[in-house]
Amino acid sequence: MMQTGYTGFSVSVISLWLLISFALAKAEQNMEGNTTTSQKSVRHSQFLCSGEQEYVHKRKQVILESLSSLGINCSEDSVPHITLLASGGGQRAAVGLVGSLYQMAKEDMLDTVLYLGGVSGSTWSMATIYSDPQWSTNMDAAVSQLSGPGVELKEALAWLGERAKEEHFSLTDIWGVLTSAGIMKQMDLRCLSDEASRNATNPYPIYSATEMNCFSNGPIEGKWFEVSPHEAGFTELGLFIETSLLGSKFQRGELLEQKPEMDMVKLQGILGCALADEDAIKDYLPPWLNVPGQVDGSAEEYMRVYNALVTLVAMTRSTIKDPTALSDLDKLQTILEETFNDSKSAWLESKSSEERKNLAQQLSLKLLNEVETWSQSLEEGAFKTHVSLLTSQVIPKIMKWEWGTTANFLYQYQDSTVPPCLSTKERIQLVDAGLLINVGYPPFLGDKRDIDLIIAPEYSAGNIFETLIFARDYAAEVNKSFPEIDDKVLEEREWPKDCYVFEGKETELSIVYMPLFNRNNCKDAEEVKARMEEFSTFQRPFSQDKIEFVLETAKTNMENNKDILLREINKAVLRRQNKRKSLLQPTSCTLL
């Protein structure tokens, strides 16, 4: 055995081996990325597709210039991969994200971001701001959109009428149009794949959903679904189709029938439909429906119908300006509340599970009949016509409770990694990813996008740090690294600081975590709780005062932590440099 005298030879061999390996990997990546639908409709790979690769390459030039303007030294091959990852949280998250982005742009840090990811409510504002191809250079327009004139009910119903003709019409369409028209005040009829040919002015967007069948009964690999301008598919399975084909019919991995691509209105309905989660309804049960030993699904069924109708009324209000019509909606709101509360005694008298099941069906039908009666009592005119159309489409779907139905591109796909909850079904149900993790970490874990830093403004309701814990556990389950979370920090969950840094070891990603309500803007834990209740996820669209308050709170959080963000961006550059050095560094070799 001999080591001396062969050092130069070993380094040369190893260097050559590294170059060949890198070239082969790159060739494989390009081959996989360039696969067209005519050759293979479903792409199976853990590499980026060619379209995203190209966008990332262009975006890095923007980032390089931005880092230079901030005084951060960086070479072209050490541009860090930074993601701004916004949580869900209904309109609170939608408005908060716009505030966070606005302040990052003002502090000249937005152009350091490579990716923008969102779930649930934050995807509403993502869908809206990306309608402007130059949005990151014009955040004033994005802020103005939040207080825009809105969309008339007539326009929303025209869109809904067209969707009702489609095979997979569901509550998602109804939720999508009311969210777009009532909260985001815009009907964006473009398709996400339209963004595939844009320049790299903005961070690359990644939207997330979860597949309902696998969420309930399947392995973790089948749960997380990501959508970008180029591809849509299952993150952990590495199975994707072109985004323009989402909703088209596939069998055994091949395209059978191409359907029109869904527009951003419908996509918003899929991505932000927390109402679809039946378990979430339990949090809203009044005490008389939540009697110990009597919660057997019937109470949730009844609450589900009531909650959907009340939400529908609130969302419809925001598309109407006529005082008479608004007064009529107030009457319906009162009717629903009184009918619901009047059912208390009958519910408490029910003894068995079967009695409660029958009663829930009767009470649900009573609520729906009240809506029908109210609708028929309206004065003849445009509003009555619009309401009749809306109720005729909505009521059957509420009873069926079907969300996010779309054609399954993995139907009968021949691969052992695809779980039965996907391969055996012609349809899948894509719903709000916040039901699994209310921040879209999964697409940004691991080697595929190789992220150095995640900036995570947290707008979620519930326990602070919960999304981090869920993401950490998810990462462990799919065998991907995640920064360590000190248990002592978790003790601050009820009254958190405005910024935490969870630093990854060596080449692991780091996370800057920024709770919306915190010690800087709330005097104690009680005020944090009160703010969350005031700006709760499930409520009628925010008033202008509420919009302004959340917007300014999010801006201030970013402004107060500018120095921390700049420090971590600088560290991300160093982390990227260290990654490159570790790849190129030769290892010792023993020749026999």
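Tutor: Let's start with helix 14, residues 382-400: its 19 residues reach 28 Å from the first C-alpha to the last, close to the 27 Å expected at 1.5 Å a residue. This is a predicted model, in which local features need pLDDT of at least 70, side-chain atom pairs count only at pLDDT 80 or more, and totals for chains, interfaces and linings use all residues. Residues are numbered from 1 along each chain as its sequence is written, and side-chain values use heavy atoms, leaving out hydrogens and water.

Student: What makes 27 Å the expected span of helix 14?

Tutor: The expected span is 1.5 Å times one less than the number of residues. Helix 14 has 19 residues, and 27 Å is the expected value. The helix itself is a DSSP run (H or I, at least four residues; strands are E, at least two), numbered from the N terminus.

Student: What do the buried residues of helix 14 pack against?

Tutor: They pack against helices 6, 7, 10, 11 and 13. Contact here means heavy atoms within 4.5 Å. Among the buried residues are Phe383, His386 and Leu390.

Student: Why is Leu110 called buried?

Tutor: Buried means under 20% relative accessible area, exposed over 50%, and partly exposed in between (1.4 Å probe, protein chains only). Leu110 has 3%, so Leu110 counts as buried. Leu110 sits in the loop between helix 3 and strand 3 (115-118). Not counting residues up to four places away in sequence, Leu110 touches Arg59, Leu101, Met104, Ala105, Trp135 and Ser136.

Student: How do you know that the buried residues of helix 2 are on the same side?

Tutor: In helix 2, Gly51, Glu52, Gln53, Tyr55, Val56, Arg59, Ile63, Ser66 and Leu67 are buried. They cover an arc of only 155° around the axis, which puts them on the same side of helix 2. The arc is that of the directions from the helix axis to the C-beta atoms. The face turned away from the buried side carries the exposed residues His57, Glu65 and Ser68.

Student: Why is helix 3 called oblique to helix 4?

Tutor: Helix 3 (residues 90-106) and helix 4 (residues 121-129) pack at about 50°, with axes 6 Å apart. Axes are lines fitted to C-alpha atoms, for helices over the stretch in contact, and angles run from 0 to 180 degrees between N-to-C directions. Angles under 35 degrees count as roughly parallel, over 145 as roughly antiparallel, 65 to 115 as roughly perpendicular, and the rest as oblique. So helix 3 is oblique to helix 4.
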